[in-house]
Amino acid sequence: MTTEPLLLLRELVEIESPTYSPGVRQVAARMADELEALGGDVRILDGDHVQAELDGEGEPLLLLGHTDTVWEEGTLATMPFRVEGDVAFGPGVYDMKGCLVLMLEAIRASRPDRRALRVFLTADEEHGSRTAREAIGEAAAGVAAALVVEPPTAHGHLKTARKGLGRFHVAITGRPAHAGTSLVDGRSAVEELAHQIIRLHRLTDHERGISVNVGVVHGGTRENVVAAYADARLDVRVSQRADLERLERILRNLEPAIEGTEIEVDGEWTRPPLERTPGGARLFARARDIGRGLGLDLQEASSGGGSDGNLVGALGVPVLDGLGAEGKGAHAHDEQIRLDALPVRTKLLAGLLDDPGL
């Protein structure tokens with residue numbers, strides 16, 4: 001890795017850019033400068049999303065990344081950017097500012113006759129790309145395939161499938177009463193929620209790739225009052241599009257176990273599942289061949305987490321994910337990337353830009 005990319009990496013990491021913060025716009029502007037220097041026709045869209053068009057041969061390839069992180073402003077004070085040997089640390093260095101640097105270097109390393117490129121960098125990916133969905137759909141129009149520069153798996157493998165993700169809220173209304181003198185007159189929302197949590201967790205089906213997790217619970221006011229209200233927040237993930245409607249129907253039609261309590265459910269699917277497709281398999285086969293020439297033994301993998309590749313895959317576009325930097329610690333205090341692996345991963349992506357095998 002040359003000094004210049006390392007300096008850019010440090011610069012990007014030291015722009016703290018939690019979703020919807022001013023730093024996201026700063027990262028967008030810095031990436032726009034770099035893409036323009038590579039010959040791109042660049043626009044910063046409403047919402048601070050970045051889109052760039054780079055000339056080349058044939059239908060364009062869509063490169064997907066994001067400029068926001070999960071780290072709040074002020075994190076650098078306790079988690080500064082630093083380099084120790086062949087490893088760089090810092091908030092967002094792995095997810096995904098190191099991946100953005102790799103993407104730029106891959107474009108730079110690609111051949112003059114490579115495929116045409118369209119780059120889209122989302123400003124709120126860590127919040128489900130809520131403001132970017134329409135623009136991502138427009139960016140995906142007419143592309144041959146999408147290459148996602150999210151990190152590979154922990155073993156360095158690429159992703160041809162990802163689970164879809166939904167976030168739902170379950171609210172229970174009960175009837176308050178004095179817990180000592182009038183217990184039988186009450187209807188406990190907390191007790192009802194306990195019944196529902198057990199039911200919800202039983203929806204998990206590892207063989208079908210379904211997971212339901214009640215991650216946040218609130219309820220009640222005092223220990224001597226039968227709880228009049230309780231609620232929970234759910235994370236629901238599915239591997240197959242066929243399960244989206246079925247699970248949502250179950251959630252919307254939860255029946256109380258305790259007579260006199262009421263249940264309301266709201267929420268939405270933030271990302272559809274990215275299912276393995278023949279086009280994605282062809283992209284992977286080409287990446288595996290390129291990787292063999294670089295000393296990599298790449299395997300196909302799926303992920304329980306989502307990316308913008310899920311949104312593009314749902315439009316029928318072939319997707320290959322995990323083409324970013326190697327490292328570990330996404331969203332964790334030991335977040336890091338391997339600097340020594342960047343040159344090889346850069347060549348892998350550059351090879352796909354030259355010839356994706358489609």
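The following exercises, each with a worked solution, concern a predicted model.

Residues are numbered from 1 along each chain as its sequence is written. Local features need pLDDT of at least 70, side-chain atom pairs count only at pLDDT 80 or more, and totals for chains, interfaces and linings use all residues, while side-chain values use heavy atoms, with hydrogens and water left out.

**Exercise 1. Overall description**

Task: State how many helices and strands the protein has, and what share of its residues is buried.

Solution. Step 1: helices (H or I, at least four residues) and strands (E, at least two) are taken as DSSP runs, numbered from the N terminus. On this basis the protein has nine helices and 16 strands.
Step 1: a residue is buried under 20% relative accessible area, exposed over 50%, and partly exposed in between (1.4 Å probe, protein chains only). Of the 358 residues, 55% count as buried.
Step 2: the C-alpha atoms fill a box of roughly 80 × 45 × 35 Å along the principal axes.
Step 3: a contact means heavy atoms within 4.5 Å. Of the contacts with a separation of 6 or more, 79% come from residues 24 or more positions apart.

**Exercise 2. Aromatic rings**

Task: Find which residues form the aromatic pair, and classify its geometry.

Solution. Step 1: rings of Phe, Tyr and Trp (its six-membered ring) pair if their centres lie within 6.5 Å; planes under 30 degrees apart count as stacked, over 60 as edge-to-face and the rest as tilted.
Step 1: a search of the whole structure gives one aromatic pair. Its members are Phe168 and Trp269, with 5.4 Å centre to centre and 80° between the planes, an edge-to-face arrangement.
Step 2: Phe168 belongs to strand β9 (residues 164-173) and Trp269 to strand β12 (residues 262-271), so the pair ties together parts that are 101 residues apart in sequence.
Step 3: Phe168 is buried, at 2% relative accessibility, and Trp269 is buried as well, with a relative accessible area of 15%.

**Exercise 3. Helix α5**

Solution. Step 1: the expected span of a helix is 1.5 Å times one less than its number of residues.
Step 1: the buried residues of α5 are Ala189, Glu192, Leu193, Gln196 and Leu200.
Step 2: an α-helix has 3.6 residues a turn, so residues three or four places apart point the same way.
Step 3: the cover over these buried residues includes β9, β10 (211-219), β11 (229-238), α6 (242-252) and β12.

**Exercise 4. Helix α7**

Task: Describe the span of helix α7 and what covers its buried residues.

Solution. Step 1: α7 (residues 278-293) has 16 residues and reaches 23 Å from its first C-alpha to its last, close to the 22 Å expected at 1.5 Å a residue.
Step 1: the buried residues of α7 include Gly279, Leu283, Phe284 and Ile290.
Step 2: among the elements covering the buried residues are β7 (145-148), β8 (158-162) and α9 (342-354).
Step 3: just after α7, Gly295 takes a positive phi of about 85°.

**Exercise 5. Backbone geometry**

Solution. Step 1: most residues other than glycine have a negative phi, and most peptide bonds are trans.
Step 1: Ser129 has a positive phi of about 55° although it is not a glycine.
Step 2: His331 has a positive phi near 65°.
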